[in-house]
Every structure is written in structure tokens, then in C-alpha cells.
Amino acid sequence: MAGFFAKLSGIFSGYSEINDDFYEELEETLVMGDVGMEATEEIISELQDKVRQDRLKDPNDCREVLQKIIISHLHSLTDDDYAFERNKSIVLIVGVNGVGKTTTVGKLAHLYKSQGKRVIMAAADTFRAAATEQLSEWAGRVGTDIIRGTEGGDPGAVVYDAIQAAKARNADVLLVDTAGRLHNKKNLMNELKKIGSIVQQEYPDALKETLVVVDAATGQNAKEQAKEFKEVTDVSGVVLTKLDGSAKGGIIVAIEEELDIPVKFVGTGEKVTDIIKFDAEAYAVGLTGYDPAEEAAKQAAEEAERQAAEEARKSEVTVAVSGYRIDENEVIKVASEQEKEDAFAFFRSLRKD
Ligand SMILES: Nc1nc2c(ncn2[C@@H]2O[C@H](COP(=O)(O)OP(=O)(O)OP(=O)(O)O)[C@@H](O)[C@H]2O)c(=O)[nH]1
Ligand SMILES: [Mg+2]
């Protein structure tokens with residue numbers, strides 16, 4: 001990730017004026033960072049408008065503007081977007097193979113369990129050998145119940161059983177791990193539709209959240225995958241995994257801009273605690289290097305320094321004034337023998353003129 005973030009936030013100090021080269025490098029960096037052509041062009045054009053309008057001259061002044069523009073291209077997530085966390089809910093974790101679905105189930109289970117919620121996992125990836133084992137390991141590690149099916153069995157049946165268990169055990173959150181690969185894509189999508197209708201039928205009073213997991217390292221493919229899932233299921237959010245190892249990360253803007261799905265979680269590593277809720281402001285701050293909190297702290301520090309300098313200057317003035325005080329007694333009192341002689345010599349010489 002450092003690649004894109006460091007590069008973008010470093011551009012501003014590399015130019016002494018806002019010129020075509022500056023815009024070009026900015027554009028290239030955004031595109032290379034996976035922001036995508038569409039969003040990049042809009043962002044640059046909005047920046048140019050604002051620069052013209054406010055007659056900005058210093059590239060550094062673009063940081064704040066760009067930060068705000070980026071935020072405006074992202075969803076501002078509210079509590080409503082995470083309503084499933086506060087209500088009885090079923091969370092379907094979907095995505096193609098290897099993106100980090102099972103790991104995300106483990107991380108979310110840990111997160112909610114640590115908040116005192118009753119969590120149940122459903123191992124609905126019955127297709128891949130060892131998938132259920134992998135989820136069972138997570139369940140053991142986190143300390144949650146897990147509903148398992150048989151390998152090659154019907155994922156719909158697992159979801160059905162899990163819903164009955166969730167009702168019987170009064171679970172707060174039911175997390176469903178699904179397969180990333182079936183015999184073909186059509187099968188996969190059909191399976192998800194089937195799971196969706198079982199949920200609708202069996203658990204209508206639970207809030208349904210469908211999170212599509214995509215891997216940051218796959219760039220534009222991540223966006224395409226999210227799009228395909230959006231077409232067949234009610235995707236309510238994206239989990240972007242492996243942002244820790246990615247030199248990019250602009251795909252968040254592309255997904256939100258082009259697909260209009262909010263990124264709700266970001267995977268930041270392989271550990272159970274390596275998941276964060278996405279925050280548009282923190283993201284834009286990281287990207288542009290313009291940090292209002294840091295800026296305020298810097299200004300406060302500068303003001304304190306200025307005041308200290310002012311105090312120092314005042315006391316210097318006092319010294320200077322007292323040093324030149326036209327008070328012979330005072331001068332005599334503070335001056336050394338030599339200085340006294342010099343003063344006398346001076347006044348003597350004046351007298352001679
Ligand atoms: N660095 C990093 N690795 C991650 C993250 N999330 C998942 N992984 C790793 O990605 C690999 C695949 O994760 P899984 O959770 O098995 O992915 P999956 O989508 O369930 O895969 P299938 O079940 O095969 O479809 C594992 O090695 C995880 O440790 C993340 O946020 N950061
Ligand atoms: Mg899996």
C-alpha cells in the first residue's frame with residue numbers, strides 16, 4: 001500500500017507550481033493506483049475547477065482540496081450501514097475463490113464475540129474439500145458455534161440448519177461462509193440465489209447483509225467481481241482484503257464510484273484482529289497527506305513557537321532598553337572598569353570636537 005499512498009502524498013511537494021506536468025503526474029498516479037479512468041478524470045477535473053475558482057498557486061494547497069474531493073466520491077458510512085451489528089442478523093460472505101472469505105468470517109466472528117454477541121458460523125462452502133475444516137478451526141480459535149454440512153452436500157441445507165440453530169440458540173449474528181468456486185460461474189450464482197431465498201423464507205425477521213469479499217491485489221478484477229455479484233445478489237457492502245500487502249488501494253474509489261456499493265470493511269493482515277471498518281476521511285487523509293488533525297496540531301505548535309519567540313523578543317527589547325538606559329548611575333553600576341574607561345574616553349573625545 002505504501003506505494004500508492006506514498007507516491008500520491010509525495011507529488012505535491014515535488015512541484016513549485018500547479019502546471020500540466022503536476023496534473024499529469026497526479027492523473028497517472030491515480031490510474032496506476034487503481035482508482036480507474038472514470039473516477040480519476042472526474043477527480044482531476046473537479047480539482048482543476050477548484051484551483052481556478054480559488055486561484056490556487058501552490059501545489060501544497062491542492063492537498064486539502066483533493067482530500068475533500070476524494071471523500072465526496074466515497075460513501076459516508078453511517079450507523080445505518082452497520083445496522084446488522086445491532087440487530088438479529090444473517091451475514092452472507094460471498095466472493096470468488098481465495099479472496100479471503102473464510103478469514104473474514106473468522107475476523108468478524110471474533111469482532112462480534114468480543115462485543116459480547118452470540119455468534120454462529122455456517123460452513124456453507126461444501127464444495128471445496130477442507131473448507132469446512134478451515135472454518136471449524138476458526139470457530140475453535142474464536143470460540144463460536146459452527147453448523148457444518150457434508151462435503152459435496154447442499155449448501156442450502158447448511159444455511160437452513162444454521163438458521164434453525166440461530167433461532168433456537170437466540171444468536172445475534174449468523175455468519176455464512178460460502179463457496180468461491182463451483183463447477184462453473186453460473187452454478188455459483190444460482191447457488192447464491194437459492195441461499196437467498198432460503199434466508200428470505202426461513203429468517204425473514206433477521207437483517208440480511210451480503211458482503212462481497214474482494215482482494216485488493218487483484219485491482220480492476222476486484223471491481224469486476226463485485227459487479228458480477230451485485231448483479232445476482234443484494235450486495236450491501238464490500239470487504240476489501242489484503243490491503244496490507246497491496247501497493248495500490250485506489251480500487252476503493254473505483255468500486256464506490258462505479259458500482260455504488262460501500263466498502264464497509266478492510267482486511268489489514270492475516271491475524272484475527274486484522275480488520276477495520278472503512279473510514280473515508282482516514283483514507284483520504286492517508287492518500288493526500290493532508291491531515292486536518294495534524295494540521296491543527298502543527299498550527300498550534302507554530303503558534304506556541306511564535307509566542308515563545310515573541311516573549312523572547314520582548315525580553316530582549318527589555319535588555320536592550322535597559323542596556324541603553326540614560327541613567328549614569330545605572331551605567332556606572334553595571335559597567336566594568338574597562339567599559340567605564342571607554343565611556344569616559346568617548347565622552348572626552350566628544351568634548352574635544
Ligand atoms: N495479508 C492478508 N492476507 C489475507 C487477508 N485476508 C485473507 N488473507 C489470506 O488470504 C488467503 C486466502 O484466505 P481464505 O480466507 O482462505 O480465502 P477464501 O476466500 O475463503 O478462499 P476459498 O475458500 O478457497 O474460496 C489466506 O492465506 C489468508 O490468510 C488480509 O486482509 N491480509
Ligand atoms: Mg473459504
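Visitor: Which residue in β7 is the bridge partner of V238?

Guide: It is V263. A word on what you see above: this is a predicted model, where local features need pLDDT of at least 70 and side-chain atom pairs count only at pLDDT 80 or more, while totals for chains, interfaces and linings use all residues. Residues are numbered from 1 along each chain as its sequence is written, and chains are lettered from A and ligands numbered from 1 in the order in which they are written.

Visitor: What makes β6 and β7 a pair?

Guide: Two strands pair if DSSP finds at least two bridges between them. Three bridges join β6 to β7 (residues 263-267), and these strands run parallel. Three meets the cut-off of at least two, so we call them paired.

Visitor: What makes something a strand or a helix here?

Guide: Both are DSSP runs, numbered from the N terminus: a helix is H or I with at least four residues, and a strand is E with at least two. Counted this way, the chain has 14 helices and eight strands.

Visitor: Why is strand β6 said to be largely enclosed?

Guide: A residue is buried if 20 or more other C-beta atoms lie within 10 Å of its own, exposed if 12 or fewer, and partly exposed in between, with C-beta atoms placed from the backbone. Five of the five residues of β6 (residues 237-241) are buried, so the strand is largely enclosed by the rest of the structure. G237, V239 and T241 point one way, V238 and L240 point the other way, and all are buried.

Visitor: What joins β6 to β5, and which residue stands opposite G237?

Guide: Five bridges join β6 to β5 (residues 207-215), and the two run parallel. L211 is the residue opposite G237. Between the two strands, the chain crosses through helix α9 (residues 220-232).

Visitor: Why is that crossover called right-handed?

Guide: The name applies if, with the strands pointing away from the viewer, the path from the first strand over the helix to the second runs clockwise. The β-α-β crossover from β5 through α9 to β6 is right-handed, so its path runs clockwise in that view. The crossover from β6 through helix α10 (residues 251-259) to β7 is right-handed too.

Visitor: What can you tell me about α10 itself?

Guide: I251, I252, V253, A254, I255 and E256 are buried in α10. Among the elements that cover them are α9, β6 and β7.

Visitor: What makes another residue a contact of F265?

Guide: Two residues are in contact if their C-beta atoms, placed from the backbone, lie within 7 Å. Leaving aside neighbours within four places in sequence, F265 is in contact with V239, I275, I276, K277 and F278. F265 and I275 are 10 residues apart in sequence and 6.7 Å apart in space, C-alpha to C-alpha.

Visitor: Why are β3 and β8 called edge strands?

Guide: The open sheet has the order β3-β2-β4-β1-β5-β6-β7-β8, with mixed pairing. β3 (145-147) and β8 (275-277) each pair on one side only. β8 pairs with β7 in the antiparallel sense over three bridges, and I276 in β8 is the bridge partner of V266.

Visitor: How many residues surround ligand 1?

Guide: There are 21, and the closest are G100, T102, T103, G180 and G267. A residue counts as near if its C-beta atom, placed from the backbone, lies within 6 Å of the molecule. Helix α5 (residues 101-114) gives the largest share of this shell, three residues.
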